[in-house]
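Please open the structure in your viewer and keep the selection tool at hand. We will go from one stop to the next, with something to select at each.

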Amino acid sequence: MASTYPMFNVFALPEVQGIDIMTAFASLAALYDQVDAVLEQTTSDLDLPCHRGCSACCRESVFLTPLEFYFAWQWAQGELSDEERDRIIDKALALYDIHREVIEAFNEPPPEGEADHFLLARELRFDCPLLDEEGACRIYPVRELLSRLFGGTFDDKGGIYGCQWVKEHLEGRHVTLLTARTTAQHLHTLPLTDQRQVYPYYFHRLYGDSPRELT
Ligand code: SF4
């Protein structure tokens, strides 16, 4: 059965006009490779509890830039079946409808008296629409930067940027790790990285009730 949804054409997106998107994708892939290589050096001896099927970090709210989303979905269109892609889009659109108000609030300035959207992000909890039935990521090779960093880096206060199991596992140990925020800032040398939103938002933009034109 053919897909319910049209194929996404990155070149047709208005914000991509004038950008060498294939070079941007290549630079993003190179950044992912560099970060993965450092993470391998800094975490391979730590016996972290992260393993395929443990999706604790994918059941919160994971943020990514438009460039990362377009890169991932471009890959998914070549690698996943029509049925898999339809399932992802259906789930993402349903999540957007449930959480619309909070998700759209991320496009506004932070609430009065707050420096960022941190507290708002803590309100947003959902199972990532890209998880499969076994709790594995369907787009693992091209997953966003923050998921790569989660569980193997420091947060801004020198604590572990990760789930409770990683924090407990590393408690009291002296470790040398990357810092998540400064590593993630490397993204901003690339185009289409000024915004961070969640997957359901991007799927809504492409396939929701007022989708942009796709060809
Ligand atoms: S895209 Fe993959 S790694 Fe990222 S939150 Fe979703 S399931 Fe997890």
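**Before you click**

This is a predicted model: local features need pLDDT of at least 70 and side-chain atom pairs count only at pLDDT 80 or more, while totals for chains, interfaces and linings use all residues. Residues are numbered from 1 along each chain as its sequence is written.

**Stop 1: the whole chain**

Show everything as a cartoon. You will find eight helices and five strands; helices (H or I, at least four residues) and strands (E, at least two) are DSSP runs, numbered from the N terminus. Follow the chain along its sequence and the pattern reads α-β-α-α-α-α-β-β-α-β-α-β-α.

Along the principal axes, the C-alpha atoms fill a box of roughly 55 × 40 × 35 Å. The radius of gyration is 17 Å, which agrees with the value near 17 Å for a compact globule of 215 residues. That radius is taken over C-alpha atoms, and the globule rule is 2.2 Å times the number of residues to the power 0.38.

How much of the chain counts as buried? The share is 27% of the 215 residues. A residue is buried if 20 or more other C-beta atoms lie within 10 Å of its own, exposed if 12 or fewer, and partly exposed in between, with C-beta atoms placed from the backbone. Among contacts with a separation of 6 or more, 81% join residues 24 or more positions apart; two residues are in contact if their C-beta atoms, placed from the backbone, lie within 7 Å.

**Stop 2: helix α2**

Select residues 66–79. Helix α2 has 14 residues and reaches 20 Å from its first C-alpha to its last, close to the 20 Å expected at 1.5 Å a residue. The expected span is 1.5 Å times one less than the number of residues.

Now colour Pro66, Leu67, Glu68, Phe69, Tyr70, Phe71, Ala72 and Trp73, which are buried in α2. The buried residues of this helix pack against α1 (21–43), β1 (63–64), α5 (145–149) and α8 (199–207).

**Stop 3: helix α8**

Move on to α8, where Tyr199, Pro200, Tyr201, Tyr202, Phe203 and His204 are buried. Their cover includes α2, α3 and β5 (197–198).

**Stop 4: the core**

Which residues touch the most other members of the largest nonpolar core? Select Val62, Ala92, Leu146, Leu149 and Tyr199; the core has 40 residues. Elements giving two or more residues to this core are β1, α2, α3 (82–105), α5, β3 (160–161), α6 (164–170), α7 (180–184) and α8. A nonpolar core is a set of buried Ala, Val, Leu, Ile, Met, Phe, Trp, Tyr and Cys residues joined through C-beta atoms within 7 Å.

Zoom in on Leu149: leaving aside neighbours within four places in sequence, Leu149 is in contact with Tyr161, Leu178, Ala180, Thr183 and Ala184.

Next pick Ile160 in strand β3. Ile160 is buried because 21 other C-beta atoms lie within 10 Å. Not counting residues up to four places away in sequence, Ile160 touches Phe154, Asp155, Val166, Lys167 and Leu170.

**Stop 5**

- Asp47 lies in the loop between α1 and β1. Asp47 is exposed, with 8 other C-beta atoms within 10 Å, and has a positive phi near 50°.
- Leu192 sits in the loop between α7 and β5. Its phi is also positive, near 60°, but Leu192 counts as buried, with 20 C-beta neighbours inside 10 Å.
- Val175 is in the loop between α6 and β4 (178–179). Val175 counts as exposed, with 12 C-beta neighbours inside 10 Å, and touches Leu46 and Leu170, not counting residues up to four places away in sequence.
- Asp132 is in the loop between α4 (118–123) and α5. Asp132 counts as partly exposed, with 13 C-beta neighbours inside 10 Å.

As background for the phi values, most residues other than glycine have a negative phi.

**Stop 6: the ligand**

Finish by selecting the residues around the ligand: Cys58, Val62, Cys128, Leu130, Leu131, Cys137, Ile139, Arg143, Glu144 and Ser147. A residue is near a molecule if its C-beta atom, placed from the backbone, lies within 6 Å of it.

Colour this shell by class and you get seven nonpolar, one polar and two charged residues. Here Ala, Val, Leu, Ile, Met, Phe, Trp, Tyr, Cys and Pro count as nonpolar, Asp, Glu, Lys and Arg as charged, and the others, Gly among them, as polar.
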